[in-house]
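Open the model in your viewer and show the side chains. This tour goes from one selection to the next.

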Amino acid sequence: GPGPKREILNGSSVQRVADNERVVMARKGPPLAGATRLADLVDAEWLIAGLRDRAEAEFEEVFSVYGLASPAVRTRAESMLALAVLLSTTDALALVPGVWATNPLFQGVLQRIVVGEQLAAPEIVQMHALRFPLTPAAEFLSTLLQRAAGRPFRRG
């Protein structure tokens, strides 16, 4: 999942799996498809679903980095599935993981609105308490996740 924002206590293993980016997504053929800057989208209706506890703060942070006021949020989705359904059936926009833009599940239903700004997101990490060693099945899953992310698996 997303890397923790606060410092991890000793006794935990945090291993980076992949970088992450956010992209702006909308239903296919959105009214704001021609937007090229985040500022062009401030007055749009937005949906949010955060990776961390307070999704609103995470959302506001993306805009404040560029000196923009945080847009009004229409709805907070509690799952990515709910967010996808709302995106595909309304004119609202959402900041989602970059992999959504190329995921075959969303082709023909959602479209990316490409803005010039880089929309940072927490890196994707694997975490576990060191006092609980991974089972062989969990270790194998960890290896598969690392490979899928294009990173060589490293023990320890």
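Which residues are linked with Arg16 and Asp19 in a network of salt bridges? Select Glu123: together, Arg16, Asp19 and Glu123 make up that network. Keep in mind that this is a predicted model.

Zoom in on Asp19 and Arg16. Their side chains meet in a salt bridge, 2.7 Å from N to O. Asp19 has 58% relative accessibility, so Asp19 counts as exposed. Arg16 has 24%, so Arg16 counts as partly exposed.

Next, select Asp91 and Arg27. Here too the side chains form a salt bridge, at 2.7 Å from N to O. This pair links distant parts of the chain, 64 residues apart. Asp91 sits in the loop between α2 (80–89) and β5 (93–97). Arg27 belongs to strand β2 (residues 21–27). Asp91 is partly exposed, with a relative accessible area of 43%. Arg27 is partly exposed at 23% relative accessibility.

Move to Glu78 and Arg76. They form a salt bridge, with the closest N and O atoms 3.2 Å apart. Glu78 is exposed, at a relative accessible area of 65%. Arg76 is partly exposed, at 31%. The structure holds five salt bridges in total.

Last stop: select Phe140, Leu141, Leu144 and Leu145. These residues form a nonpolar patch on the surface. Together they have about 380 Å² of accessible area. Now pick out Leu145, which is found in helix α3 (residues 136–148). Is Leu145 buried or partly exposed? Its relative accessibility is 41%, so Leu145 counts as partly exposed.

Note on methods: Residues numbered from 1 in each chain as written. Predicted model: local features only at pLDDT ≥ 70, side-chain atom pairs only at ≥ 80, totals over all residues. Heavy atoms only, no water. Patch = residues over 30% accessible without salt bridge, like charges linked within 9 Å, V, L, I, M, F, W, Y side chains within 5 Å. Areas by Shrake-Rupley, 256 points an atom, 1.4 Å probe, with all protein chains shown as cover. Salt bridge = Lys/Arg side-chain N within 4 Å of Asp/Glu carboxyl O. Helix = DSSP H or I, 4+ residues; strand = E, 2+ residues; numbered from the N terminus. Buried < 20%, exposed > 50% of the residue type's maximum accessible area, 1.4 Å probe, protein only.
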